[in-house]
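Hi,

Here is the structure I promised to pass on. Have a look first, then read my notes below.

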Amino acid sequence: MNWLRNFMMGRYGVDKLNIALLVFSMILTFISSITDLAILLYISYIPLILCIYRIFSRNTNARIQENYKFLKFYNPAEAWVKKKLNIVKGSKTHKYFECPNCKQTVRVPKRKGKVAITCPKCSTKFTKNT
Ligand SMILES: [Zn+2]
């Protein structure tokens, strides 16, 4: 294992952009296999080769900059998906309302009748039926 450690010395390694490239490549491969579009299989090699190139790259500053630019778009998208998944998970026991003033999402337990809600962000009071 020492040869591997020596080989990887100074190289960039794996980050979120590399994982995203790998997943994108796998999705393209999967789509090409179920639709018989051979061109997608060849296109799927592009992100895969890019991913391998980035892992073994010695220009770590450039790779960090690329990952930083990617995360500027990825992090808000991931936060949005997590928020929507939490709403789906909690929809059996809770109801979600939007504050009429600041659009903050407020979670309230279900089946409590008419409830006076105070927004935790801007303290606006509004009533809703749960
Ligand atoms: Zn509010």
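Predicted model: local features only at pLDDT ≥ 70, side-chain atom pairs only at ≥ 80, totals over all residues.

The expected span of a helix is 1.5 Å times one less than its number of residues.

Helix H4 covers residues 45-56. Its twelve residues should span 16 Å, and its end C-alpha atoms lie 17 Å apart, which agrees. Pro47, Cys51, Arg54 and Ile55 of H4 are buried. Viewed down the axis of H4, these buried residues fall within an arc of 100°, so they line one face of the helix. They pack against helices H1 (2-8), H2 (16-35), H3 (38-43) and H5 (60-90). The face of H4 turned away from the buried side carries exposed Ile46, Ile49 and Tyr53.

Next, the zinc ion. Cys99, Cys102, Cys119 and Cys122 coordinate it through their SG atoms, at 2.2 to 2.3 Å. The donors follow the spacing C-x2-C-x16-C-x2-C. Cys102 sits in the loop between strands E1 (94-98) and E2 (105-109), and Cys119 in the loop between E3 (114-118) and E4, so this pair ties together parts 17 residues apart in sequence. The angles between the four donor atoms run from 107 to 112°, which makes the arrangement tetrahedral. For reference, the ideal tetrahedral angle is 109.5 degrees. Cys119 is buried, at 2% relative accessible area. Cys102 is partly exposed, at 25%.

Last, Thr130. Thr130 follows strand E4 (125-129). Thr130 is buried, with a relative accessible area of 16%. Its side chain reaches the backbone nitrogen of Lys112 at 3.0 Å. Thr130 also touches other residues, including Lys95, Phe97 and Val115.

Best wishes

Note on methods. Residues numbered from 1 in each chain as written. Heavy atoms only, no water. Helix = DSSP H or I, 4+ residues; strand = E, 2+ residues; numbered from the N terminus. Buried < 20%, exposed > 50% of the residue type's maximum accessible area, 1.4 Å probe, protein only. Arc of directions from axis to C-beta. Contact = heavy atoms within 4.5 Å. Polar contact = N/O pair within 3.5 Å; in protein donor to acceptor, adjacent residues only side chain to side chain. Donors = N, O, S within 2.8 Å, 3.2 Å for Na, K, Ca; no water. Tetrahedral: all angles 85-135°; square planar, octahedral: opposite > 155°, others 65-115°. Lists of a residue's contacts leave out its neighbours within four places in sequence.
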